[in-house]
Amino acid sequence: MSLLGVAIDREKNAWVTAHDGGFAAKIDPVSGTCLATVSSNSLSGFQPGFPGNSALPAEDFYPTAIDTDVDSNVWISFTNPLCCFVQKFNGTTGLPVTGSFLGFEPGEKPVDLVVDQSSNAYVITNCWDSY
């Protein structure tokens, strides 16, 4: 399994992204127990808005960068060769937080992100050509 990102929430739990597994997991630092997960499948019904996309299966998105905010919500970037995005999730339930989606243009990929003390997310992207 390919782990790409790690973040520590305010309760000192570790969040890790498993790129090829298609999920992020919240791990208790003492017991090693998985406390919560966010998977690509939790994005069911997600339709990224970019030209030419009518239906990309949720399992075709892979988590990469990750960070947590002061409320222990988790921000995760998901990548796909056709489109990428960052989404905030409730750190307890793993459900997407409404109004916290940030989509990118085709060919633009988030490679890192950081969330500040005011819960503002900053994202570094990389662009690639498909030809």
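The model is predicted, so to speak of local features requires pLDDT of at least 70 and side-chain atom pairs count only at pLDDT 80 or more, while totals for chains, interfaces and linings use all residues. Residues are numbered from 1 along each chain as its sequence is written, and side-chain values use heavy atoms, without hydrogens and water.

Let's start with strand 6, residues 74–79; strands are DSSP runs of E with at least two residues, numbered from the N terminus. Six of its six residues are buried, meaning under 20% relative accessible area with a 1.4 Å probe and protein chains only. In a regular strand, side chains alternate between the two faces of the sheet. Here V74, I76 and F78 are buried on one side, and W75, S77 and T79 on the other.

Now look at its partners. Strand 6 pairs in the antiparallel sense with strand 5 (residues 62–68) over five bridges, where pairing takes at least two DSSP bridges. D67 has W75 as its bridge partner. On the other pairing, strand 7 is also antiparallel to strand 6 over five bridges, and V74 stands opposite F89.

The largest nonpolar core has 13 residues; such a core joins buried Ala, Val, Leu, Ile, Met, Phe, Trp, Tyr and Cys residues through side-chain atoms within 4.5 Å. Strand 6 gives the largest share of this core, three residues. A separate core of seven residues includes W75 and V86.

Finally, T79 counts as buried because its relative accessibility is 6%. Among the residues T79 touches are H19, D60 and K109, with contact meaning heavy atoms within 4.5 Å.

Note on methods. Buried < 20%, exposed > 50% of the residue type's maximum accessible area, 1.4 Å probe, protein only. Helix = DSSP H or I, 4+ residues; strand = E, 2+ residues; numbered from the N terminus. Lists of a residue's contacts leave out its neighbours within four places in sequence.
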